[in-house]
Amino acid sequence: MEEVRCVMKKLGAGLMLAAALMAASSTAALASNVLKVKPRTVNLGPTPVGTVTGGSVTLTNTSSTTINLTITTTKDWDDFSFGFLPGCPTFEPAPLAPGESCVFAVRFFPSELFLGLRQDERFLATATDPLTGEVLDSEKLLFVGRAS
């Protein structure tokens with residue numbers, strides 16, 4: 001009888017582990033594609049030195065729960081600026097409700113120092129769970145310009 005109990009305990013523990021793994025994998029599957037980005041790449045084109053042009057992307061929370069959104073720079077050029085307009089959060093997480101969108105705007109003001117060079121300012125938008133901090137999704141944003 002003791003052997004049967006021991007086998008049942010092991011079987012129960014195995015089933016609980018399998019259920020936990022299935023739940024974790026389904027949570028991960030649900031977590032992908034939380035952010036919709038449109039467009040992913042903004043081509044600002046050739047811009048004369050001394051002038052300013054700009055572009056933006058719209059990020060949307062496609063999940064059914066509120067997320068924290070953070071946008072950080074992954075490659076930075078001196079000729080770009082961002083965070084100057086109200087919109088998507090930069091550097092600090094901010095809540096984005098289900099179905100809610102924000103606009104992330106970037107300005108390009110080329111300098112003579114980079115004349116003729118293709119400059120690509122890169123960002124990473126990260127959606128996290130507000131309660132656990134778990135990363136749910138991340139999307140790359142790209143802004144391209146050339147000083148002419």
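Me: Which residues have the most contacts inside the largest nonpolar core?
Reply: Heads-up: this is a predicted model, where local features need pLDDT of at least 70, side-chain atom pairs count only at pLDDT 80 or more, and totals for chains, interfaces and linings use all residues. Residues are numbered from 1 along each chain as its sequence is written, and side-chain values use heavy atoms, with hydrogens and water left out. A nonpolar core is a set of buried Ala, Val, Leu, Ile, Met, Phe, Trp, Tyr and Cys residues joined through side-chain atoms within 4.5 Å, where buried means under 20% relative accessible area, exposed over 50% and partly exposed in between, with a 1.4 Å probe and protein chains only. The largest core has 25 residues, and those with the most contacts inside it are V57, L59, L69, I71, F104, L141 and F143.

Me: Which strand gives the largest share of this core?
Reply: Strands here are DSSP runs of E, at least two residues each, numbered from the N terminus. The elements that give two or more residues to the core are strands 1, 2, 3 (53-61), 4 (67-75), 7, 8 and 9. The largest share is 4 residues, and it comes from strand 7.

Me: How many bridges join strand 5 to strand 7?
Reply: Those two strands run antiparallel. Along them, F82 stands opposite V106 in strand 7. The number of bridges that join strand 5 to strand 7 is 3.

Me: What is the angle between the ring planes of F82 and F104?
Reply: A pair of aromatic rings is described by the distance of the centres and the angle of the planes. Rings of Phe, Tyr and Trp (its six-membered ring) pair if their centres lie within 6.5 Å, and planes under 30 degrees apart count as stacked, over 60 as edge-to-face and the rest as tilted. The count comes to 7 aromatic pairs. F82 and F104 form a tilted one, 6.0 Å centre to centre, and the angle between the planes is 50°.

Me: Which residue in strand 9 is the bridge partner of A125?
Reply: Strand 8 and strand 9 run antiparallel and are joined by 11 bridges. They form a hairpin with 6 residues between them, and G133 in the turn has a positive phi of about 80°. The partner of A125 in strand 9 is E139.

Me: Is E139 buried or exposed?
Reply: E139 is found in strand 9 (residues 135-147). The side chains of E139 and R40 are joined by a polar contact of 2.3 Å; a polar contact is a pair of N or O atoms within 3.5 Å, where within protein one must be able to donate a hydrogen and the other to accept it, and residues adjacent in sequence count only if both atoms are side-chain atoms. With 11% relative accessibility, E139 counts as buried.

Me: How far apart are P98 and T66, C-alpha to C-alpha?
Reply: P98 lies in the loop between strand 6 (94-96) and strand 7 (101-108), and P98 is partly exposed at 40% relative accessible area. Beyond its neighbours within four places in sequence, P98 is in contact (heavy atoms within 4.5 Å) with N61, S63, S64, T65 and T66. P98 and T66 are 32 residues apart in sequence, yet their C-alpha distance is 5.4 Å.

Me: What is omega for the cis peptide bond at K38 and P39?
Reply: Most peptide bonds are trans. P39 is found in the loop between strand 1 and strand 2. The cis bond joining K38 and P39 has an omega of about -15°.

How values were computed
Pairing = 2+ DSSP bridges.
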